[in-house]
Amino acid sequence: KSTKSSNHVALFSKFHLKNHIVVRDLQNAGIVTVADTELGSISIAGVHLAPNTEDTRLAEIASIISKQKDCKHKVILGDLNSISPENIIKSRNFSNPNTPEPQVRHDVIKYIKKSGYIDTALSVQKENIYTVPSTQDGDSEYYILRLDYIFLSDSFAERKIDYDVIVNKATRMCSDHYPII
């Protein structure tokens, strides 16, 4: 549970979770834990990075990655509030067709990849399935973006993986982001 915002995270697993670390130096929330699996221990980080600046998010993700350094198999997932350089940004503006395209930095996603993680959506060619907007709050102006990710350490490179976004009536009402699996 975040002490600084109303944005929290939770991890659910069919595997036993241990060694929980609540990450306190985030603007929103994060937790790093270890799952005991048939592959051995897997460090899992559930995160909701800051919405305000790429510099803030970069410091936050560096903190998360440092907490996973002792584990061979690693997962980072959640709302990273960051854009991948491979994503197409589509403007969805119903009220003002003259809205300028945003200035975009890709530092956080590049840092994660440089740290030895694989973008699951990119690896299965689903990188342009957007995770926002779900306009449950009634906003009329959005950019259609993928801000939610599942990154796996490159130790998973030879394993079969998939990525998808759940879009239905229920997920449109639950959040301004669609869930990813």
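A residue counts as buried when its relative accessible area is under 20%. Keep that in mind as you click around this predicted model.

**Stop one: S2.** Select S2, in the segment before β1 (17–22). Is S2 buried or exposed? Its relative accessible area is 10%, so S2 is buried. Now show its side chain: a polar atom there lies 3.0 Å from the backbone nitrogen of K4, and a polar atom of this side chain also lies 3.0 Å from the backbone nitrogen of S5.

**Stop two: helix α2.** Next, select residues 107–114, which form α2. Colour V108, I109 and I112, the buried residues of this helix. They sit on the same side of α2 because they cover an arc of only 95° around the axis. What covers them? Look for α1 (54–66), β6 (117–119) and β8 (148–153), which are included in the cover. Just after the helix, click G116, whose phi is positive, at about 95°.

**Stop three: the largest nonpolar core.** This core has 17 residues, and those touching the most other members are I61, I64, I76, L80, I112 and F151. β3 (40–48), α1, α2 and β8 each supply at least two of the core's residues. Zoom in on F151: beyond its neighbours within four places in sequence, its contacts include I76, L80, I109 and I112, as well as K74 and D119.

Definitions and conventions
Residues numbered from 1 in each chain as written. Predicted model: local features only at pLDDT ≥ 70, side-chain atom pairs only at ≥ 80, totals over all residues. Heavy atoms only, no water. Buried < 20%, exposed > 50% of the residue type's maximum accessible area, 1.4 Å probe, protein only. Helix = DSSP H or I, 4+ residues; strand = E, 2+ residues; numbered from the N terminus. Arc of directions from axis to C-beta. Contact = heavy atoms within 4.5 Å. Core = buried A, V, L, I, M, F, W, Y, C linked by side-chain atoms within 4.5 Å. Polar contact = N/O pair within 3.5 Å; in protein donor to acceptor, adjacent residues only side chain to side chain.
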